[in-house]
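Let's take a friendly look at how two protein chains are put together. Have the structure open beside you as you read.

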Amino acid sequence: MTRLRFRLLFFVTLLLAAAASFANVTTVRFSVWDGDKALETIRQLVADFESQNPDIKVKLENYPDYNLYHQKMLVTYAAGVAPDVVMMDPQHFQALAVRKALLPLNPFFEQTPGFDIKSYYKPIVDAHSFQGTCYALPRDIAPMGIIYYNKAMFKKAGIPYPDGTWTWDFKIRPELKEKDFLWVCEQFTKKNPEGKYVQWGYTSGWTGLFADMIVYATGLLPYDNMESPTKVLIGSPEYAKALQFAADFMNKFHYAPSVTEQSSAFAGATAQALFVQQRVAMYQNGIWEVPNVRKLLKPGSKEFFEWDVALAPAYAGKDGKKVLKFPTGGSGYGIMSSTKNRDAAWRLCRFMGGEPGMIAMAKAGIAQPAIRELAIKPGLWVPGPNTPIEEMYPANRIVTDQAVPYVQFPTTSQYYQAITDRVNKGQELIWNGQKTAAEILKENAVDAQTRLDFLRKEEALPPFNWPLGIALCSALFAAIVVWVYRPHFGKKLTQLERGETRSAYWFLSPWILGFLIFTLVPMMLSLMMAFSNWDMILPAQSRGLGNFNEMVNIDPSFWKSLKVTTVYVIFSVPLGIIGSLGLALLLNQKVKGVSLFRTLYYVPSITSAVAASLIWLRVFNAETGMLNFFLYGPNGNWPIGRMLSSWIMTDPSKPVDWMATEGTALPALIIMSLWGIGGGTVVFLAGLQGIPTYYYEAATLDGAGIMQRFKAVTLPLLTPTIFFTLITGMVGAFQAFTQAFVMTQGGPNDATRFFVYHLFGNAFQSLRMGYASALGWVLFVIIMLITVVQWWAQNKWVYYEAETK
Amino acid sequence: MQNQSQIWQQSADKAQRTASVLRFLLWVVLVAGVVLSLLPFYIMVVMSLKSAGELAGSSVWALPKEWAFSNYQEVLSNKNAPFFLFFRNSVIIATFSTLGVMFSSSIVAYGFARLKFPGRDRLFMILLSTMMLPGIVTMIPQYALWKYFGWIDTFKPLIVPAFFGGGAYNIFLLRQFLMGIPRDIDEAALLDGASHSVIFWRLLLPNMGPAMATVGIFSFIYNWKEFMGPLIILNSPENQTLELGLATYRAANQNQWELLMAGSVLVMIPIIILFLLGQRYFVKGIVMTGIK
């Protein structure tokens with residue numbers, strides 16, 4: 001009977017397997033960072049692909065956050081569950097390619113009949129290539145030499161529309177009129193009667209974009225070799241001159257709004273908003289902004305005006321020879337080497353990065369095709385004769401094609417993020433005029449070179465010694481167990497005590513199980529990694545104490561970030577405790593509507609971090625921020641503000657620019673942290689409810705006043721809660737990360753480079769998970785030591801009603 | 001005699017008057033504080049009610065000229081980030097993990113706070129130490145563990161661990177609270193032969209209302225707003241949560257502030273309601289049966 005059943009089962013299984021192999025459907029996992037409208041286009045494309053290729057099923061995955069997309073890819077690759085086809089870009093592919101995590105695509109190119117990589121724009125293919133091998137099939141190219149211009153404003157000023165033949169020089173050349181870019185800009189600069197600038201000629205999508213254009217066009221590059229840099233070249237006087245010009249363009253000549261002016265008046269996308277508000281006549285960016293601008297300037301809406309795009313100006317050249325050069329972006333599709341379905345993956349890759357994919361993206365107005373033939377086809381990318389009005393703007397999309405020969409990609413180096421982080425350090429201080437370009441670049445050139453040399457220097461390390469690591473970790477675990485029970489060795493428990501111990505372990509069992517199953521192994525593994533060199537892709541190498549040596553002796557940001565974090569902890573934790581305790585005491589009173597108040601005070605703690613950061617940037621804004629309004633008064637001349645300015649600012653006539661000044665960025669983040677005291681307040685409120693009222697009654701009978709009752713009853717009985725807030729607040733503050741990640745990126749000039757932010761950068765931007773783990777464990781030890789001290793000190797001030805010694 | 005009571009009466013009146021003046025002042029302070037702390041929320045709501053064009057063209061503080069409720073409609077009906085599906089996912093994750101946290105952290109906290117056993121304080125130190133290592137460095141081993149369990153792209157990694165301890169933060173919070181409750185009553189119960197489970201369940205849990213409400217609300221909100229965990233663990237678009245869904249409105253180069261803000265407001269509403277309902281337990285939860 002059982003045997004029969006087994007046989008039956010066997011046959012059924014065989015049958016099912018046969019059926020499956022007959023249908024032979026392979027699944028390809030495909031991940032993109034697109035969201036919303038772009039995702040919709042991709043989804044449609046995937047459906048089309050599946051119907052044309054019935055033997056392939058595509059599982060689309062999207063993480064609409066560009067930075068975290070790359071982080072997640074590394075995590076999945078490290079765990080062996082990476083997607084098959086991934087969206088890629090020139091800044092990220094090399095780090096994967098050199099470690100063989102991406103497949104070289106050239107063999108596929110050669111095997112595929114009718115495929116010609118030469119039909120793609122050369123720069124974008126080169127940008128996805130390393131040592132002559134291509135690792136991602138281009139999806140689009142996005143030259144940022146595109147100027148969106150307001151036709152109405154040009155018409156009103158009597159200036160002919162730009163036709164791309166204009167040039168720029170470091171000085172204005174009025175004799176050339178509309179052929180001189182600076183002259184055109186100047187025509188639009190306007191002040192209001194109070195002397196404030198209210199209109200400008202030009203702004204770029206972000207300040208670095210304009211600066212990059214100046215740098216590239218004057219024949220400069222930040223590195224000696226953009227594919228494999230060895231020398232950092234930003235220390236030259238020419239480089240400083242170029243960046244200083246970009247700053248003066250805003251702050252001295254007022255051709256473009258200053259950083260503060262940009263951020264003061266607008267809600268979200270700043271540069272674009274200026275253009276839509278008709279306060280700048282020209283706006284430089286990539287073509288990907290088109291869908292947004294179309295949406296903001298709908299034909300027939302109140303906001304609508306006629307607009308178009310033109311080629312950005314060329315540099316007039318030192319010897320009278322025009323130089324055209326623009327920064328650019330672009331993306332492509334790569335295949336992870338862990339894929340099991342190379343053929344299917346390539347077919348998908350070719351579909352998305354070939355004609356079907358590009359036509360769909362072009363029609364949606366999202367991306368210029370990377371295949372030239374498609375990019376210049378009227379009616380597809382360039383508007384054809386019967387284009388509906390909504391898609392008419394911009395009419396001159398052909399300039400995107402004209403720009404391609406002059407593009408310059410940022411470095412495609414595998415160290416891209418690690419070194420640009422050093423190259424750009426403190427650049428915001430150039431843009432807001434607090435430091436000169438020469439000052440900042442001199443320091444950065446050295447820092448970046450040191451970093452690059454360090455990263456390029458390959459240590460010859462042995463493979464990680466797993467048996468030893470596991471043995472040491474097990475020994476450590478055993479030592480901890482011994483430490484826990486040592487004081488009780490040899491002591492005999494009474495039967496009652498044994499019973500209590502048994503019950504205790506029953507109560508503790510969920511945590512003990514959870515600790516052993518979910519927490520212990522990851523912690524131990526990360527401890528082992530702290531002694532390793534591990535890029536998350538290749539097998540880990542043993543580095544001994546090298547990581548710790550690096551922290552103390554080599555990595556200057558280690559000390560800086562430790563200092564920044566310590567200052568943050570010292571101020572934010574006590575202020576947070578005092579604030580939340582005070583608020584809790586207020587909210588514990590019998591006041592009208594107190595329950596509503598409690599909720600309202602908690603609202604800040606649940607507001608989304610992105611919304612909150614947006615708002616805070618406005619609160620701290622130098623010109624229109626709320627904080628400065630209270631400090632400087634409506635006319636900007638209150639003494640407190642003046643005093644602050646002369647104390648903090650290099651130019652004392654300016655109001656303090658909180659987030660963009662080295663001395664005030666961290667205090668601003670500390671103030672910001674107080675906004676979240678609602679959480680601590682809730683804890684204290686709960687603590688206050690736990691105080692038995694008869695204590696108060698007794699104290700009142702004894703004739704104690706409000707203050708005495710607070711000192712004799714409330715405070716002592718609240719000490720366990722205060723202790724809790726102190727410890728958890730400190731643990732949380734030492735691990736502060738989000739503010740730096742979302743708002744300041746560690747700037748200006750590393751002033752808010754929190755320890756965990758530094759750790760994150762090492763882990764996922766420099767791909768140095770070994771060093772990051774070491775950092776993590778150092779932080780662990782620091783927090784642990786402080787906690788132990790406080791734990792020991794609590795005997796002196798924390799009062800437990802029910803202490804069991 | 002009469003005189004004295006008159007004086008007494010007068011001073012009581014005076015005290016009452018000062019008290020009511022104080023109360024009024026307090027109220028003014030509270031209102032001012034609320035206004036300050038709600039300004040960002042105001043901006044959020046205002047931004048969410050402007051059309052994209054108006055948003056770009058107006059001050060952040062200005063009220064919308066035309067109220068664009070269509071933003072909300074768009075967020076609710078966007079097929080690329082299906083709101084109700086994500087809502088369902090978020091509700092499942094947040095509810096179950098909150099249940100797990102409340103259940104297991106209270107049990108463990110009882111063990112640490114009210115029982116005496118060898119190694120207790122040092123074990124508690126180990127418990128606290130699990131908070132001290134930044135999550136970034138355990139992310140990959142943790143992820144590999146989920147893969148080993150076959151839990152990738154499921155809700156399990158976001159729910160199951162909550163039933164195993166509920167996190168050091170919550171255990172610590174409840175332990176502190178439990179250590180503030182006088183012991184006389186459970187000692188009496190112990191002498192009467194009651195087991196610890198009975199003491200925990202019958203005598204202490206009913207007195208832990210405010211602390212339990214705090215833990216419950218905190219962990220619900222934490223899981224509701226959690227971004228990194230779901231981002232790493234969930235792959236399929238149909239498994240995503242509301243917080244992940246919001247990211248679609250700030251995808252690379254495609255910021256849609258009006259929709260992002262509308263979405264953020266919608267995501268906040270359930271938590272505000274939950275808080276309004278839950279917060280009365282901070283006050284009324286104190287039954288304090290027998291202890292007082």
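**Briefing: two chains, part by part**

Chain B is divided into domain 1 (2-70) and domain 2 (76-284), with bounds that come from an automatic or database domain assignment. This is a predicted model, in which local features need pLDDT of at least 70 and side-chain atom pairs count only at pLDDT 80 or more, while totals for chains, interfaces and linings use all residues. Residues are numbered from 1 along each chain as its sequence is written, and chains are lettered from A and ligands numbered from 1 in the order in which they are written.

**Where the domains of chain B meet**

- The C-alpha centres of domain 1 of chain B and domain 2 of chain B are 32 Å apart.
- Nine residues from domain 1 of chain B and seven residues from domain 2 of chain B make up the contact (two residues are in contact if their C-beta atoms, placed from the backbone, lie within 7 Å).
- On the domain 1 side, α1 (2-48) and α2 (52-57) of chain B each give two or more residues; helices are DSSP runs of H or I with at least four residues, and strands are runs of E with at least two, numbered from the N terminus.
- The most comes from α1(B), with four residues.

**Chain A as a whole**

- Chain A has 36 helices and 17 strands.
- The C-alpha atoms of chain A fill a box of roughly 95 × 95 × 55 Å, taken along the principal axes.
- Of the contacts in chain A with a separation of 6 or more, 71% are between residues 24 or more positions apart.
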